[in-house]
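Here are some short notes for a first look at this model. Please read them with the structure open.

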Amino acid sequence: MTHTPDSAPVPAPLHWKLVVDCANPQSQADFWAAALHYEVEDNNALIERLLELGALPREAVVEFHARLAFRDLVAVRHPADPYDQDSGTGLGRRLLFQRVPEAKTVKNRLHLDVHAPEGRREAEVERLRGLGASVRREVKEPSGQWVVMEDPEGNEFCVQ
């Protein structure tokens, strides 16, 4: 914690992650890792320890990319951000995909905006289509232009 000139403590910024409900965390993690050029977190060592201790039932685990992974949770992280080497958990920019039983039914209340390099929006949209995303609509307004897309499970995001 830092202090202001009058010695009052200033709280440090909070660590956070964005959690996305989904039907298949592994496929969503693969899509978003490829879309953002992020890395899928490797929790294999943590899972092995939890299984050894009997703290995690075997049915809560799946094999994913030849490693053990949580059945219902998979995160992706920015490759340049720090992570805990013992657990594989990212300590920076992260998206966590968690399995839920219900399907998506309405428009997202929160979404990601992906910023393509200057002059590369169309190429980025095509790259994301190749990964399994679909175009919902193109927007051209006085304030700017972007493409509204959906990931493979129908979650909206925009390409600026």
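1. Is Asp-81 buried or exposed? This is a predicted model, and in it Asp-81 has a relative accessible area of 11%. The cut-off for buried is under 20%, so Asp-81 counts as buried.

2. Now place that residue. Asp-81 sits in the loop that links β7 and β8. Leaving aside residues up to four places away in sequence, Asp-81 touches Gly-92 and Arg-93. With Arg-93 there is also a polar contact between the side chains, at 2.6 Å.

3. Next, the sheet. Four strands form an open sheet in the order β3-β8-β7-β4, and the pairing is mixed. β3 (18-22) and β4 (39-40) are the edge strands. Each has a single partner strand, so one side of each lacks a neighbour in the sheet.

4. Look at one pair in detail. β3 runs parallel to β8 (residues 94-99), and five bridges connect the two strands. As background, strands of a sheet pair through backbone hydrogen bonds, either parallel or antiparallel.

5. α1 (residues 25-36) lies across β3, β4, β7 (73-77) and β8. The angle between α1 and β8 is about 160 degrees.

6. Finally, the record. An unreviewed UniProt entry annotates residues 18-159 as "domain: Glyoxalase-like". Over residues 18-159 the model has 23% helix and 34% strand. The end C-alpha atoms of that stretch are 18 Å apart.

Definitions and conventions
Residues are numbered from 1 along each chain as its sequence is written. This is a predicted model: local features need pLDDT of at least 70, side-chain atom pairs count only at pLDDT 80 or more; totals for chains, interfaces and linings use all residues. Side-chain values use heavy atoms; hydrogens and water are left out. Two strands pair if DSSP finds at least two bridges between them. Contact means heavy atoms within 4.5 Å. Axes are lines fitted to C-alpha atoms, for helices over the stretch in contact, and angles run from 0 to 180 degrees between N-to-C directions. Buried means under 20% relative accessible area, exposed over 50%, partly exposed in between (1.4 Å probe, protein chains only). A polar contact is a pair of N or O atoms within 3.5 Å; within protein, one must be able to donate a hydrogen and the other to accept it, and residues adjacent in sequence count only if both atoms are side-chain atoms. UniProt positions are given in the numbering used here, feature names are shortened, and annotations may be inferred rather than shown by experiment.
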